[in-house]
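Here is a friendly walk through the structure shown below.

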Amino acid sequence: MTSKINDAILLVGSEPVVRSIMKELLERAGYVVLATGDLGSAVDVLAQCSVDLLITHPYVDSVPGHEAARYLRSRNPRMGVLVVAGLLDDDRLQYRAALEEFEIFPPPFSADQLLAKVKEVLEVSRERKL
């Protein structure tokens, strides 16, 4: 699954390990990924770069993800938005949970599921731009 050469994703997530793993996966799939851990840095990225898709989580920097996404989209109304409310099925995250004896619900999603959803949101966003 490959992206268009100019597909740029702004990945905003407060948790460094999760952000790093998602960034790695998306870059391997051919996307240009601009990753940041806070809303202020995300605003700076949008001021400097053209972004096709925002991926965020339910909370960013103690701000509800929906509010953060709405604010960021006001700075780039054409970008698609994907709020990811679960964890990627990655050994690094599973080991961390197992070490702490944490349970994860809902179950983690696969890399293929995330990439398919990213592609879908990008296509819908492109159609909206026309």
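Leu 114 touches Met 22, Leu 25, Leu 82, Val 84, Leu 88 and Phe 109, leaving aside residues up to four places away in sequence. Please keep in mind that this is a predicted model. As general background, nonpolar side chains in soluble globular proteins tend to be buried together.

## The sheet

In what order do the four strands of the open sheet stand? The order is β2-β1-β3-β6, with parallel pairing. At the edges are β2 (32–36) and β6 (80–83); each has a single partner strand, so one side of each has no neighbour in the sheet. From one strand to the next, the twist averages 20 degrees.

| Strand pair | Bridges | Residues opposite each other |
|---|---|---|
| β1 and β3 | three | Leu 11 and Ile 55 |
| β3 and β6 | four | Ile 55 and Leu 82 |

Leu 11 in turn stands opposite Ile 55 in β3, and Ile 55 stands opposite Leu 82 in β6. Leu 82 brings you back to Leu 114, which touches it.

In a regular strand, the side chains alternate between the two faces of the sheet. On β3, both faces are covered: Leu 53 and Ile 55 are buried on one side, and Leu 54 and Thr 56 are buried on the other.

Helix α3 (residues 65–75) lies across β1, β3 and β6 and runs at about 160 degrees to β3.

Now turn to helix α2 (residues 39–48). Which of its residues are buried? They are Leu 39, Ala 42, Val 43, Val 45 and Leu 46. These residues lie on the same side of α2, because they cover an arc of only 160 degrees around the axis. An α-helix has 3.6 residues a turn, so residues three or four places apart point the same way. Ala 47 and Gln 48, on the other side of α2, are exposed. The cover over the buried residues of α2 includes β1, β2, β4 (59–60) and α3. At the N-terminal end, α2 is capped by Asp 38, which has a side-chain oxygen 3.1 Å from the backbone nitrogen of Gly 40.

Is Ser 125 buried or exposed? Ser 125, found in helix α5, counts as buried because its relative accessibility is 2%, and the cut-off for buried is under 20%. Its side chain reaches the backbone nitrogen of Gly 80 at 3.3 Å. Ser 125 also touches Asp 52, Arg 78 and Met 79, again not counting residues up to four places away in sequence.

## Backbone details worth a look

Most residues other than glycine have a negative phi, and most peptide bonds are trans. Ser 62 is not a glycine, yet it has a positive phi of about 65 degrees. You will find Ser 62 in the loop between β4 and β5 (63–64), where it is exposed with a relative accessible area of 74%. Glu 101, also not a glycine, has a positive phi of about 60 degrees. Glu 101 sits in the loop between α4 and α5 and is exposed, at 71% relative accessible area.

The loop between α4 (91–100) and α5 also holds Pro 106. The peptide bond from Phe 105 to Pro 106 is cis, with omega near -5 degrees.

Terms used: Residues numbered from 1 in each chain as written. Predicted model: local features only at pLDDT ≥ 70, side-chain atom pairs only at ≥ 80, totals over all residues. Heavy atoms only, no water. Contact = heavy atoms within 4.5 Å. Pairing = 2+ DSSP bridges. Helix = DSSP H or I, 4+ residues; strand = E, 2+ residues; numbered from the N terminus. Axes fitted to C-alpha atoms, helices over the stretch in contact; angles between N-to-C directions. Buried < 20%, exposed > 50% of the residue type's maximum accessible area, 1.4 Å probe, protein only. Arc of directions from axis to C-beta. Polar contact = N/O pair within 3.5 Å; in protein donor to acceptor, adjacent residues only side chain to side chain.
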